[in-house]
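Dear colleague,

I am handing over the structure we spoke about, together with notes on what was found in it. Please read the notes with the coordinates open beside them.

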Amino acid sequence: MQAALPKATGRVRRRRQRTRWFDWMTAPALIVLAVVVGYPIVDAVLVSFTNYSLYTPLHHYVGGVNYSHLSNDPVFWKSLQNTVIFTGVSVAVGLLLGLGLALALERLRGPWRFLRAILLTPWAVPVIVTAFLFEFMFTNPGGIINSLLETAGLIHSPLPWLTSPTWALTAVIIANVWMQAPFFLLIFTAALGGVPDEVIEAARIDRARTWSMIALIKLPYLRNAALVGALLMIIQNFNNFPLIWAMTTGGPAYGTSTLVIYVYQLAFTSFKLGYASAVGVVWLVLLMIITSLFIRTLRSRPA
Amino acid sequence: MQILGLRRKQHPVEGAPLRSAARPGSCQARRYRLVATGAVLALVSGGVAACSSGGSAGGSKNVITFANWAAAETNTAPGVAAMIKKYESLHPGITIKSEPISFTDIDQQLVGEVKAGNPPDVAELQGGYTYDLAATGGLQPLSSFATSSWQSSIIPRELGLGKISGQQVAIPWTVAPLALWYNKTVMRKAGLKPTPPATWAQLLTDAKAIHAKEPKVIVLGNDTTSREYGLDVNWPIMRSFGAVAFSGTKATANTPAMQKYLTFIRTIGKDGYTPENQKQGFFRQPAASNQVAFTIDGPYVKGVVQSLNHASNQAFYQTWAAAPLPTATGTHYSIPTDHQLVMFKNSPNKKAAWEFMNWLATSPYAVSHYTIPYEGSIPPLAHPSGTVAGLLNNPVSQVFVKQIVPEVVIPAWGASYSAAYADVMAGIQNAMISSTPIPSVASTMQTAVTGDVSG
């Protein structure tokens, strides 16, 4: 045992040497991250305490004025509220739709499996294309959605899909759900493939019915996939800019303005970089909370 | 086996890879590392050199960079390309490098470029964009280039649009004030005389008749999107009611005149005469198929409509005509949607840049081959002659030159405008779609605009 020790120590030392050398390999990536992520964040925090506007070359420190203005800014609170509704409803409906589709398509065999591939295509369509597609479909007059609803006798006059704040938010959420339900379909299909055959067989021997099989056997196996998928989509939807901007530009009357839209408007159409940075910092903090929740969930996930 | 001089480093065992000979820490391994580091440094420095040489090419004395949205739009891109080709053939020492940027993005992109210190030499701007760029201090005053004889050749009012804080920082390229376009065919079908309404009240009366007869026809094309351009379009309507949303750093959004304007806006929204939150461009497609009765647009709408329905000039004039925007107080207003040309202070080629700008805006060739046919706009020439005068001898151009250009007022463009437009448009949209009492809408707008313009 004692004789083996020096040999082992030498191996460990060599491994450590290699590891140290390997650690240095991360330096370029860390430098890049510091430049493209770290520096802008630090700079945004600093700018949020100034009255920086792109119009004027001079700007100065104004303390917490931007943050106190934020607390009294109705557009900020409206945007925050819209962000929560847009994200929450999109993820919840997308998840349920994806789950339903995954369960319905689970038993597809042979050429019918092609159907699953077709259902995944909305996920591959560029966001901007989806946005214009749905804008044309919802537009009034002339949109196909109102036309179909009228033909089916569900409505008697066209709905103001993109011209009423409530309906506009609904229209944007529908487009978003169409785009991201396939993502949930994909992860649930993969998770369903991981349910052990013996468990399914045992349930069948016990004459479990379809609903019991889904609720008591399959859903517990899908819990982790649902959690990871939902958290990823929450982060993605929190940052969803192109879909909303292309469909409604945040209107009408701030009806679909989310935090990311508001930051863009402040920074790039009103050029108020100081105030935009303050909104951006709040937005960043919220995203960091969600991200840390995501990382903690991943770490605590059982193998 | 002497390939690339590597024979001396060949491993004693023939065919074994070179890398296997480099034991960690050995002299050979260090040499390889040194060679690899050298290669990486050479590549990086080569790349940097290539980038910097590419950058300097853009700033060399014979290259004029020209940022514009005309090259980014399907209708005008071939025309701009042809103009550049022609100019380069007339000036062999000059190369024009066109930078296509969409109309929506050009303002923020150029403001960013000025701040970063790398703006183009020349740019195409419009309305508030010129004021935004002037506020950054990045525009070159043009007084030393625009001689008094040159100035006398330009329509004085149009020349004045490029004068900001006493400095001539922009010259007019295409003249395009907003007018009321009316569709004579639709009016006749509704049993109306095909004459333009002179007042907004008259327009509402006509609208009622048209909507009753043809419910699917859009009665009034009015841009109510939350964009600076949305406010541009609504500015002359507001003014014709005697309303102004703000003046300098003072909000004036809650006045009886503004409430009258908002009531008018509510009527056209609630009675289904105007689809809310739609861009001006939205109305052009239905206009081409006689599905629009009135629309507020510039002279260029003629070209767009004709490109869509392939109508001849004669057929177009039989269907469409332009008139001053109606009024509620007796005075008619319009605003310019002119395209202007500016030069940036950083330009190393100011003289060449000016010559290019001047040629685009005033040369008979550019006016008759681009401004009129591609832009569908009026040239800024005070005394057009020859071919240009002939091209302007039509009912639409004459209305614009004689009636609408003199009515042009400049909106309160600048920092306050950029800060407040979103809240003003939110108020307008609220008036159109909500049932909130108009005084309350005006009061909310006043509070929001006060916050925007008070600094």
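**The sheet of chain B**

In strand 13 of chain B, B:Leu341 is the bridge partner of B:Ile171. Please keep in mind throughout that this is a predicted model.

That pair belongs to the contact between strand 6 and strand 13 of chain B, which run antiparallel and are joined by four bridges. Strand 13 of chain B is also joined to strand 3 of chain B, again in the antiparallel sense, by five bridges, and here B:Val122 stands opposite B:Met343. Strand 3 (residues 122-126) of chain B in turn pairs with strand 1 of chain B over two bridges, this time in the parallel sense; in this pairing B:Phe66 has B:Val122 as its bridge partner, and B:Ala67 stands opposite B:Ala123. Finally, strand 1 of chain B runs parallel to strand 2 (residues 95-100) of chain B, with six bridges between them, and B:Asn68 has B:Pro100 as its bridge partner there.

Taken together, the five strands of chain B form an open sheet in the order 2-1-3-13-6, with mixed pairing. Strand 2 and strand 6 (170-174) of chain B stand at the edges, where each has a single partner strand, so that one side of each is left without a neighbour in the sheet. From one strand to the next, the twist averages 30°.

**How the strands are covered**

Which residues of strand 13 of chain B are buried on its two faces? On one side they are B:His339, B:Leu341 and B:Met343, and on the other B:Gln340 and B:Val342, so both faces are covered. Because five of the five residues of strand 13 (residues 339-343) of chain B are buried, this strand is largely enclosed by the rest of the structure.

Strand 1 (residues 63-68) of chain B is mostly covered as well, with six of its six residues buried. One of its faces carries B:Val63, B:Thr65 and B:Ala67, while the other carries B:Ile64, B:Phe66 and B:Asn68, and both faces are covered. In a regular strand the side chains alternate between the two faces of the sheet.

Strand 1, helix 2 (residues 77-90) and strand 2 of chain B make a right-handed β-α-β unit. The helix of this unit, helix 2 of chain B, lies across strand 1 and strand 2 of chain B and runs at about 165° to strand 2 of chain B.

**Confidence in chain B**

The average pLDDT of chain B is 86, and 86% of the residues score at least 70. Where pLDDT is low, the predicted coordinates should not be read in detail.

**Chain A**

Chain A has 13 helices and zero strands. Of its 303 residues, 42% are buried, and residues 24 or more positions apart account for 67% of the contacts in chain A with a separation of 6 or more. Chain A exposes about 17,500 Å², of which carbon and sulfur atoms supply 70%.

A:Ser257 is found in the loop between helix 11 (242-248) and helix 12 (259-269) of chain A. Is this residue, A:Ser257, buried or exposed? With a relative accessible area of 1%, A:Ser257 is buried, and, leaving aside residues up to four places away in sequence, A:Ser257 touches A:Lys78, A:Ser79, A:Asn82, A:Gly250 and A:Tyr262.

**Two residues with positive phi**

Most residues other than glycine have a negative phi. A:Arg207, although not a glycine, has a positive phi of about 60°; A:Arg207 lies in the loop between helix 9 (197-205) and helix 10 (210-238) of chain A and counts as exposed, at 74% relative accessibility. B:Asn277 likewise has a positive phi, near 55°, and its place is in the loop between helix 10 (256-270) and helix 11 (284-288) of chain B, but B:Asn277 counts as buried, at 11% relative accessibility.

With kind regards

Conventions: Residues numbered from 1 in each chain as written. Chains lettered and ligands numbered in written order. Predicted model: local features only at pLDDT ≥ 70, side-chain atom pairs only at ≥ 80, totals over all residues. Heavy atoms only, no water. Buried < 20%, exposed > 50% of the residue type's maximum accessible area, 1.4 Å probe, protein only. Contact = heavy atoms within 4.5 Å. Pairing = 2+ DSSP bridges. Right-handed = clockwise from strand over helix to strand, strands pointing away. pLDDT = per-residue confidence, 0-100. Areas by Shrake-Rupley, 256 points an atom, 1.4 Å probe, with all protein chains shown as cover. Axes fitted to C-alpha atoms, helices over the stretch in contact; angles between N-to-C directions.
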